[in-house]
Every structure is written in structure tokens, then in C-alpha cells.
Amino acid sequence: MLSIFQLSHRTAVAADMLAIVAFVTVGLINHKGGLSASGYARDVLPIAGCWLVAAGAFDLYKRPRLRALLTTWLAGVTGGILVRSLVLWRLDEDDAVFLGVALCFSLLFVVAFRFAARLLVLRT
């Protein structure tokens with residue numbers, strides 16, 4: 001069976017970070033009308049930073065398992081969205097919708113990128 005948890009530490013981190021960048025890229029294109037360095041800084045840095053902190057707290061890369069991935073995803077993305085809102089100096093009802101969408105799609109992107117990474121590793 002093909003497992004998204006059978007990745008090296010570096011490959012797993014790279015897949016997760018690329019998934020977050022891809023998620024943000026789709027969001028920037030669909031909602032802001034274009035890509036910009038400030039858009040990436042505003043969205044990628046807090047989410048990726050909180051993801052990595054959560055991953056360390058839940059040992060996602062030392063002992064990869066479903067529970068560690070799900071708790072990292074929930075804490076990392078939620079924390080990242082909260083930090084993003086605080087940096088923008090606003091917190092309103094739209095942020096709850098954004099959080100819900102971010103949670104759904106970020107998990108989809110992370111699983112897809114880990115699956116693709118696993119396939120690439122198997123091919124080499």
C-alpha cells in the first residue's frame with residue numbers, strides 16, 4: 001500500500017511546504033487577482049511558520065502518523081490564519097469562513113503533495 005507517511009524527513013517537509021505555497025497561490029489568483037511578493041509574505045509566512053511549529057510540537061516529521069498530521073494541520077493552519085489576521089490588524093466574520101476554506105483545501109493540498117512525493121520517490 002502507498003503511504004504518505006513513508007517519506008524521508010526532508011521530502012515530507014518539502015511536500016508540506018510546497019502544498020502550502022500551492023494552496024496560497026490558488027487563493028491569490030482566485031481572490032486577489034494576481035500574485036505578488038507581499039501576498040505571499042502575508043499568507044505563506046504565517047501559515048508555513050505555524051505549520052512548522054505545530055509539526056515540531058506533534059512530532060510530525062520524527063514519528064509520522066495520521067494523528068500527528070491531523071493535529072499539525074489543525075493547529076498549524078488555524079494558528080497561521082490567526083497570525084495573518086493579527087498582522088493585518090483585523091479579525092471579522094469573514095475570517096471564520098476563510099479558516100473553514102483554508103482547513104478544507106490545505107488538507108487536500110497536503111495529502112495530494114505527499115502522495116505525489118511518495119510516487120516520485122517510488123519511481124527513482
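1. C104 is exposed, with a relative accessible area of 55% (exposed means over 50%, buried under 20% and partly exposed in between, with a 1.4 Å probe and protein chains only). The model is predicted: local features need pLDDT of at least 70, side-chain atom pairs count only at pLDDT 80 or more, and totals for chains, interfaces and linings use all residues. Residues are numbered from 1 along each chain as its sequence is written, and side-chain values use heavy atoms, with hydrogens and water left out.

2. A search of the whole structure finds 0 disulfides, a disulfide being a pair of cysteine sulfur atoms within 2.5 Å. For C50, the closest cysteine sulfur is in C104, at 19 Å, which is too far for a bond. C104 is likewise in no disulfide, and its nearest cysteine sulfur is that of C50.

3. The structure has 1 aromatic pair. Rings of Phe, Tyr and Trp (its six-membered ring) pair if their centres lie within 6.5 Å; planes under 30 degrees apart are stacked, over 60 edge-to-face, and the rest tilted. The centres of F23 and F109 are 6.1 Å apart and the planes are at 70°, so this pair is edge-to-face. It links distant parts of the chain, 86 residues apart: F23 is in helix α1 (residues 9–32) and F109 in helix α4 (residues 93–123). Both F23 and F109 are buried. Helices (H or I, at least four residues) are DSSP runs numbered from the N terminus.

4. D59 is not a glycine, yet has a positive phi of about 55°. D59 lies in the loop between α2 (37–57) and α3 (66–87). D59 is partly exposed, with a relative accessible area of 23%.

Technical notes. Helices (H or I, at least four residues) and strands (E, at least two) are DSSP runs, numbered from the N terminus.
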